[in-house]
Amino acid sequence: MSSSIEKGVSNPEKVRKFLEGDPRAIAPLILGAVLTHHSEAGPVAVRLTEVEAYMGPRDSEHPDPGSHTFGGPTARNAPMFGPPGFLYVYFTYGMHYCANIVCGPKGSPSALLLRAGEIVEGEGLATVRRPASKTHKDLASGPARLASALGLTTADTGRDALASPFSLWLPTTPAAAVASGPRVGVAGPGGSTDYPWRFWIEDDPTVSRYKAARPRNRA
């Protein structure tokens, strides 16, 4: 890893305290952080370059129609109602896993979807997990690719991202240029410009392409 990563903040208590805040405020500050998964196959680390903030149920202080918690607690979204720093991993489209880091105090569900990043350790293993990727920048460019490169599945949902076999290093300084805009692939009002809760490092080649959700056929 680079020296800037080695000098980042990794103390679990400090990182968890940081994650207790509003994910919309945390999102631009966490860009550049490094999440590592030390699996049996070896370590893979990703530097986060793009995240999306998600808030709470319709009856909460900050209702978010794009969030999995909007309709209330379920067995699936239970980790989002727990303490900060834990993983919420879900399966989507019958083929992909997507990973989130829970934010906010326990009982106030919110999270950051890990949308994209740069593999900074374990590129060989990430390439084995992502054989379709043709270049280094594509290995974790998109939430499904990022989760796959890190070896994350729903078996990891509810696990502590700040404890072994995981670690999260916060950046020492904020990203130089951060942009924000509508979230990707979110149907309905939650995907509109009223919710500009996707944040990314400008001009970073690993940031995923923006794609609006397809309108739902209600016929």
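Trainee: Cysteine 103, is that one buried or exposed?
Mentor: Cysteine 103 is buried, because its relative accessible area is 0%. Keep in mind that this is a predicted model.

Trainee: New topic. How many aromatic pairs are there?
Mentor: The structure holds three aromatic pairs. One of them joins phenylalanine 91 and tyrosine 97, with ring centres 4.9 Å apart. Their planes are at 45°, so this pair is tilted.

Trainee: Why do we need both a distance and an angle?
Mentor: Because a pair of aromatic rings is described by the distance of the centres and the angle of the planes.

Trainee: How exposed is phenylalanine 91?
Mentor: Partly exposed, with a relative accessible area of 39%. Tyrosine 97 also counts as partly exposed, at 28% relative accessibility.

Trainee: What about tyrosine 195 and tryptophan 197?
Mentor: Their ring centres lie 5.0 Å apart. The planes are at 80°, so that pair is edge-to-face.

Trainee: Is tyrosine 195 buried or exposed?
Mentor: Tyrosine 195 counts as buried, at 17% relative accessibility. The cut-off for buried is under 20%. Tryptophan 197 is buried as well, with a relative accessible area of 11%.

Trainee: What sits over the ring of tryptophan 200?
Mentor: The charged end of arginine 198. That end is 4.0 Å from the centre of the tryptophan 200 ring.

Trainee: Switching to helices. Which residues of H3 are buried?
Mentor: Helix H3 covers residues 23-30, and its buried residues are Pro23, Ile26, Ala27, Pro28 and Ile30. Just after H3 comes glycine 32, with a positive phi of about 100°.

Trainee: Where is glycine 124?
Mentor: Glycine 124 is in helix H4, residues 123-129.

Trainee: Buried or exposed, that glycine 124?
Mentor: Glycine 124 counts as exposed, because its relative accessibility is 51%. The exposed class starts over 50%.

Trainee: How far apart are glycine 124 and glycine 42?
Mentor: In sequence, glycine 124 and glycine 42 are 82 residues apart. In space, they are 9.9 Å apart, C-alpha to C-alpha.

Definitions and conventions: Residues are numbered from 1 along each chain as its sequence is written. This is a predicted model: local features need pLDDT of at least 70, side-chain atom pairs count only at pLDDT 80 or more; totals for chains, interfaces and linings use all residues. Side-chain values use heavy atoms; hydrogens and water are left out. Helices (H or I, at least four residues) and strands (E, at least two) are DSSP runs, numbered from the N terminus. Buried means under 20% relative accessible area, exposed over 50%, partly exposed in between (1.4 Å probe, protein chains only). Rings of Phe, Tyr and Trp (its six-membered ring) pair if their centres lie within 6.5 Å; planes under 30 degrees apart count as stacked, over 60 as edge-to-face and the rest as tilted. A charge sits over a ring if NZ of Lys or CZ of Arg is within 6 Å of the ring centre and within 35 degrees of the ring normal.
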